[in-house]
Amino acid sequence: AENIAVLAEYGVFEHALVMDFKNKLKIVLLLSCDVAFLYLALFATLVIRYGGDFYEQLTEAHLFPFTIIFLPWIIIFYVAGLYDLHRLRNNIDFLKILGLAIFVSAIVTVFLFYLVPFFGITPKTNLFIFMLAFAFVEVVWRRSFNRLIASGQAPIRVLLVGSGKIANVAYHTVTVNRQLGYEVRARLTPEAMHAEPYRLHDCALAERINLVVVPREIKYDAKLNKVLYELFGRGVAVWDIVDFYEAVMKKIPLVGLEESWFL
């Protein structure tokens, strides 16, 4: 039993590392492509305006100023939550946030070019074309990215045990944010678990569960612990609801904490 517990803890740790790494990769990809599309929009603008002379315009007048300008764009996108996986859904709220972030970035760009005499250029037509080109490409890219990360089968199939506030919030968040990498395939109440301990075992096998999330008080039930140890042996990780909430929400639910958590 002691060895199985060690393996279970390793399984939980491994699941957490894998999901955290995948989510960080998604954010890095998103950030990298945003930067790439900023430069792409700049190149397209110069080609439209100057044709074959675009390279000269790029290197001598536009590359350095716009590179400086792109930094506040990325900062504004970050502050707006456009690199927060919880918010990346194709709905009207996301489009409003994206549109507002682009608008604010455009205002900041105009302010810097016309009120800070540092860049040596004060583009008007070029700036207008650039903003239109980037807005179009960014909306298409972001909607495609949101659709991509929300599609397909979630890599971690979850059986959630719980009916309280923490469990409800975690369940709702996972359900509407498939891009986080979790999918609640089944949900049981603690009362059903205590009445039929092996219902948890059968449900986990039927749904091919690889992560069971349980309330902390289950550790005091010997029958349920026996079932959990059997699932450990099958490679199923077990988290308590507070750890799962923290992994999903990136917050600590104060209502679910015990004194031992601080230790």
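I looked up burial first: glutamate 138 and arginine 142 are both buried, where buried means under 20% relative accessible area, exposed over 50% and partly exposed in between (1.4 Å probe, protein chains only). I am working from a predicted model, in which local features need pLDDT of at least 70 and side-chain atom pairs count only at pLDDT 80 or more, while totals for chains, interfaces and linings use all residues. Residues are numbered from 1 along each chain as its sequence is written, and side-chain values use heavy atoms, with hydrogens and water left out.

**Entry: salt bridges**

I searched the whole structure for salt bridges and noted 3. The term requires a side-chain nitrogen of Lys or Arg within 4 Å of a carboxyl oxygen of Asp or Glu. The background is that side chains of opposite charge can pair when their charged atoms come close.

I took arginine 142 and aspartate 34 to begin with; their side chains form a salt bridge at 2.7 Å, N to O. Arginine 142 belongs to helix 4 and aspartate 34 to helix 1 (residues 2-50), so this pair ties together parts 108 residues apart in sequence. Helices here are DSSP runs of H or I with at least four residues, strands are runs of E with at least two, and both are numbered from the N terminus. Arginine 142 counts as buried because its relative accessibility is 0%. Aspartate 34 is buried too, at 1%.

Glutamate 138 also pairs with arginine 142, with the closest N and O atoms 3.1 Å apart. Both residues lie in helix 4, 4 residues apart, which is about one turn of the helix. I wrote down that Asp34, Glu138 and Arg142 are linked in a network of salt bridges.

Next I checked glutamate 207 and arginine 185, whose side chains meet in a salt bridge at 3.7 Å, N to O. Glutamate 207 is in the loop between helix 7 (197-206) and strand 3 (211-214), and arginine 185 is in strand 2 (residues 182-188), so the pair joins parts 22 residues apart in sequence. At 27% relative accessibility, glutamate 207 is partly exposed. Arginine 185 is partly exposed at 27% as well.

What does glutamate 138 touch, leaving aside its neighbours within four places in sequence? I found Asp34, Phe37, Phe77, Leu98 and Ile102, counting contact as heavy atoms within 4.5 Å.

Asparagine 146 lies in helix 4 (residues 125-150). It is buried, at 2% relative accessibility. Residues up to four places away not counted, asparagine 146 touches Leu88, Arg89, Asn90 and Phe94.

**Entry: helix 2**

Where does helix 2 bend? It bends by about 60° at histidine 62, with proline 65 following within four residues; the bend is the angle between axes fitted to the seven residues ending there and the seven starting there. Among the buried residues of helix 2 I listed Leu58, His62, Pro65 and Trp73. After helix 2 comes glycine 81, with a positive phi near 85°.

**Entry: cores**

I looked up the largest nonpolar core, which has 54 residues; Phe77, Phe130, Tyr182, Leu211 and Phe244 have the most contacts inside it. Helix 2 gives the most to this core, with 8 residues. Another core, of 19 residues, lies apart from it and includes Leu159 and Leu231. A nonpolar core is a set of buried Ala, Val, Leu, Ile, Met, Phe, Trp, Tyr and Cys residues joined through side-chain atoms within 4.5 Å.
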